[in-house]
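Good morning, colleagues. Please look at the sequence and the model now on the screen.

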Amino acid sequence: HAHYGSQMWWSMQSAVKTLCRHWKPDAILSYWAHPDGECGLRASQYFDVPCAVIVGGSDVLLLPRNPVRNACIRRVLSESDAIITVSDGLREACTQLGAPDDRVRTIRQGINPEVFHPGDQSEARSRLGLHLNIGEKLAVWVGRLVDVKQVEILIRACRILWDQGQPVRFCLLGDGPCRSQWEQLAETEGVADLVQFIGPVGHDRLADWYRAADLTVLCSKSEGLPNVLREAVACGTPFVSTDVGSIREIAEPQYSELVPANDARAFANGIRAVLNGPYAEAAKQFVPRTWGETAHDTVVLFEDLIARRAGRRVPSLPLQ
């Protein structure tokens with residue numbers, strides 16, 4: 001673990017030096033605190049330019065539980081010229097790990113409104129080849145099938161809803177090492193026909209899945225601020241999620257329900273509330289933040305960092 005950063009830098013430094021033989025970058029931006037952030041630090045020292053690292057979630061929420069990774073991450077956060085977080089909750093996590101408060105900026109991610117926008121549900125289902133039974137609702141889950149996502153909660157909630165006379169088909173988009181055990185759990189719970197593991201789906205097809213769904217669900221025990229939920233609401237689809245990480249920052253009660261983690265019955269109750277309430281109408285009124293706005297805020301930050309490195313006095317940027 002202690003050598004991840006140096007090994008990654010060793011594997012890429014030749015390509016970086018070749019690429020930059022005839023020009024010098026103005027700044028360095030890396031994504032993920034470690035090992036990528038450590039490579040960003042090394043590159044900024046090599047070129048003598050400022051660097052910023054984008055923190056995504058697990059890199060400061062889960063990885064620091066390992067003492068060796070904790071030390072590496074703390075170094076990246078303390079020595080980078082700026083830390084960009086996608087939520088205020090992650091901003092707080094960074095400062096708790098020793099990041100200087102005045103270097104941490106929240107720049108929330110956006111979506112592409114040309115791709116993610118409301119549309120006709122029936123047409124979306126037709127394009128995807130979906131055929132639901134009478135009275136059946138559709139829920140979409142998007143992510144990597146790993147332990148932290150706790151898909152077992154979704155499966156047990158599906159069984160609870162079936163027993164209550166509320167059939168919901170869950171389509172899981174993505175793959176991962178836990179797929180086979182969760183497929184087996186769905187068989188054991190008697191809901192294999194309702195919990196469908198679709199596998200990986202191209203980003204260009206996600207919008208149709210959101211539009212086809214009656215709601216989007218997330219049942220993780222740890223998250224940063226997943227863009228999946230913003231993309232879903234941008235398509236006019238409400239969501240139900242466990243109340244973890246920074247999700248509360250985007251979970252407006254008009255179009256979402258938050259429930260406790262690791263509670264299948266509460267998850268099922270949240271789904272019932274959304275399916276039987278006015279949440280979908282509210283979701284269609286959602287105005288999303290765009291990637292253009294995110295890019296603008298990032299450019300402003302780097303202009304400030306570059307000016308400071310050049311020794312020019314500029315006004316401080318307000319924290320967002």
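Let us begin with L154. Beyond its neighbours within four places in sequence, L154 is in contact with W141, F170, L172, V195, V217, C219 and F267. Please bear in mind that this is a predicted model.

Where does L154 stand within the largest nonpolar core? That core has 71 residues, and L154 is among the members that touch the most others, together with F170, V217, F267 and I271. Helix α7, residues 151–163, supplies the largest share of this core, namely eight residues. Another core, of 21 residues, lies apart from it; F116, V140, V142 and A213 are among its members.

I turn next to the aromatic rings. How many aromatic pairs does the structure hold? There are five. In one of them, Y46 and F47, the ring centres are 4.8 Å apart and the planes stand at 85 degrees; since edge-to-face requires over 60 degrees, the pair is therefore edge-to-face. Elsewhere, ring pairs join F239, Y255 and F286 into a cluster.

Finally, consider L97, which is placed in the loop between α5 (88–96) and β4 (104–106). Leaving aside neighbours within four places in sequence, its contacts are V60, P64, N70, I73, R74 and L77. L77 is 20 residues away from L97 along the chain, and their C-alpha atoms are separated by 7.7 Å.

Conventions
Residues numbered from 1 in each chain as written. Predicted model: local features only at pLDDT ≥ 70, side-chain atom pairs only at ≥ 80, totals over all residues. Heavy atoms only, no water. Core = buried A, V, L, I, M, F, W, Y, C linked by side-chain atoms within 4.5 Å. Buried < 20%, exposed > 50% of the residue type's maximum accessible area, 1.4 Å probe, protein only. Helix = DSSP H or I, 4+ residues; strand = E, 2+ residues; numbered from the N terminus. Contact = heavy atoms within 4.5 Å. Phe/Tyr/Trp six-rings, centres within 6.5 Å; stacked < 30°, edge-to-face > 60°.
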